[in-house]
Amino acid sequence: MIKKRSKISAEFNTASMSDINFLLLIFFLVSTMFAVEKGLPMALPGQQSKSVKLKRDNVLTIQAFANGSIVIRGTGPVGVQDLRQIIENKLIANPKLVVVIETHPDAEYSVMIDILDELRLANAERISLRTMKSS
Amino acid sequence: MADIIFLLLIFFMVTTIFKMEEGLPISLPRAETGSELEREKLMNIWADRFNRVSINDKLVSVELIDAVVSKRFEENRGLIVAFNVDRRTKYDLVSRIMDQLKEANAVNVTFVSVGEKE
């Protein structure tokens with residue numbers, strides 16, 4: 001008797017399977033790490049901390065309004081992108097400068113963070129947060 | 001080999017989905033100058049643009065933050081309070097949370113943000 005053997009194999013090639021999986025693995029690895037969360041550290045005044053009197057010349061107040069506009073008190077409105085340069089220049093002129101960010105209660109949080117970020121870019125170290133009295 | 005990689009693939013798929021369900025759904029503000037977070041020292045506070053505040057996956061009212069935070073700080077004084085606040089939140093809420101933290105003497109805070117690439 002002659003056995004009839006089919007010569008067509010019923011299997012498919014799985015050698016490339018690990019390559020595909022490996023690519024997918026790398027994709028998920030990378031996408032997991034994409035949303036890198038970082039922090040802007042800040043020290044708040046505590047209960048016992050005394051209020052310190054500052055000379056008027058040493059204080060620079062940046063105001064953030066409800067409509068998103070940013071105003072340097074005594075100078076006028078500025079764009080966020082110009083803030084860094086202005087602060088850098090002011091810090092060179094007066095290294096003891098304390099920058100106060102005064103935010104309106106109805107202003108968006110991101111405006112305050114934008115200003116804080118620019119101040120950190122300008123290497124300002126003495127930063128104070130204040131809320132505007134709504135009138 | 002393919003099996004091991006497949007297992008790893010499933011692991012990362014699952015952990016990717018898990019991360020999104022922590023706290024409140026918010027979109028964090030962007031900042032360039034963020035520094036690394038020391039995860040084990042953090043105490044997270046979440047606030048979204050509907051003025052909801054969440055600590056430890058529980059919704060709390062702003063007036064009670066003082067009590068909750070004080071309790072946590074009794075165990076560990078070196079905690080840093082991490083603000084996970086939606087970028088569209090009114091600053092008023094942030095300001096009220098900070099007032100509560102001052103009451104609880106939690107002076108070290110960090111504003112969580114995402115880097116430029118997302």
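Colleague: How many helices and strands are there in chain A?

Modeller: The secondary structure of chain A comes to 3 helices and 6 strands; helices (H or I, at least four residues) and strands (E, at least two) are DSSP runs, numbered from the N terminus. This is a predicted model, in which local features need pLDDT of at least 70 and side-chain atom pairs count only at pLDDT 80 or more, while totals for chains, interfaces and linings use all residues. Residues are numbered from 1 along each chain as its sequence is written, and chains are lettered from A and ligands numbered from 1 in the order in which they are written.

Colleague: What pattern does chain A follow along the sequence?

Modeller: Chain A reads α-β-β-β-β-α-β-α-β. Its radius of gyration is 29 Å, well over the 14 Å that the globule rule gives for 135 residues, so chain A is more spread out than a compact globule. The radius is taken over C-alpha atoms, and the rule is 2.2 Å times the number of residues to the power 0.38.

Colleague: What box do the C-alpha atoms of chain A fill?

Modeller: Roughly 110 × 35 × 35 Å along the principal axes. For chain B the box is roughly 55 × 35 × 30 Å.

Colleague: Do β2 and β5 of chain A run parallel or antiparallel?

Modeller: Parallel, with 6 bridges joining β2 (residues 59-64) to β5 (residues 98-103). A:I62 stands opposite A:I101 in β5(A).

Colleague: Which strand of chain A is joined to β5(B)?

Modeller: Strand β1 (residues 37-43) of chain A is joined to β5(B) by 7 bridges, and the two run antiparallel. There A:L40 stands opposite B:F111.

Colleague: How many residues are in contact across the two chains?

Modeller: 45 residues of chain B are in contact with 39 residues of chain A. Contact is defined by C-beta atoms, placed from the backbone, that lie within 7 Å. On the chain B side, α1 (2-19), β4 (80-85), α3 (91-103) and β5 (108-114) each supply at least two residues. α1(B) gives the most, with 9 residues.

Colleague: What is that side made of, by class?

Modeller: The side of chain B that touches chain A has 23 nonpolar, 12 polar and 10 charged residues. Ala, Val, Leu, Ile, Met, Phe, Trp, Tyr, Cys and Pro count as nonpolar, Asp, Glu, Lys and Arg as charged, and the others, Gly among them, as polar.

Colleague: Where is B:F12, and what is it in contact with?

Modeller: B:F12 is in helix α1 of chain B. Leaving aside neighbours within four places in sequence, B:F12 is in contact with A:L25, A:F28, A:L29 and A:T32. B:F12 is partly exposed because 19 other C-beta atoms lie within 10 Å.

Colleague: Which residues have the most contacts inside the largest nonpolar core?

Modeller: A:M112, A:I115, A:L116, B:I45, B:V81, B:F83 and B:I97, in a core of 39 residues. The largest share, 7 residues, comes from α3(A). Such a core is a set of buried Ala, Val, Leu, Ile, Met, Phe, Trp, Tyr and Cys residues joined through C-beta atoms within 7 Å. As for B:V81, its contacts beyond four places in sequence include B:M43, B:I45 and B:L101.

Colleague: Last topic, backbone. What is phi of A:N123?

Modeller: Near 65°, a positive value in a residue other than glycine. Most residues other than glycine have a negative phi. A:N123 is in the loop between α3 (109-121) and β6 (127-131) of chain A, and A:N123 counts as exposed because it has 11 C-beta neighbours inside 10 Å.

How values were computed. A residue is buried if 20 or more other C-beta atoms lie within 10 Å of its own, exposed if 12 or fewer, and partly exposed in between; C-beta atoms are placed from the backbone. Two strands pair if DSSP finds at least two bridges between them.
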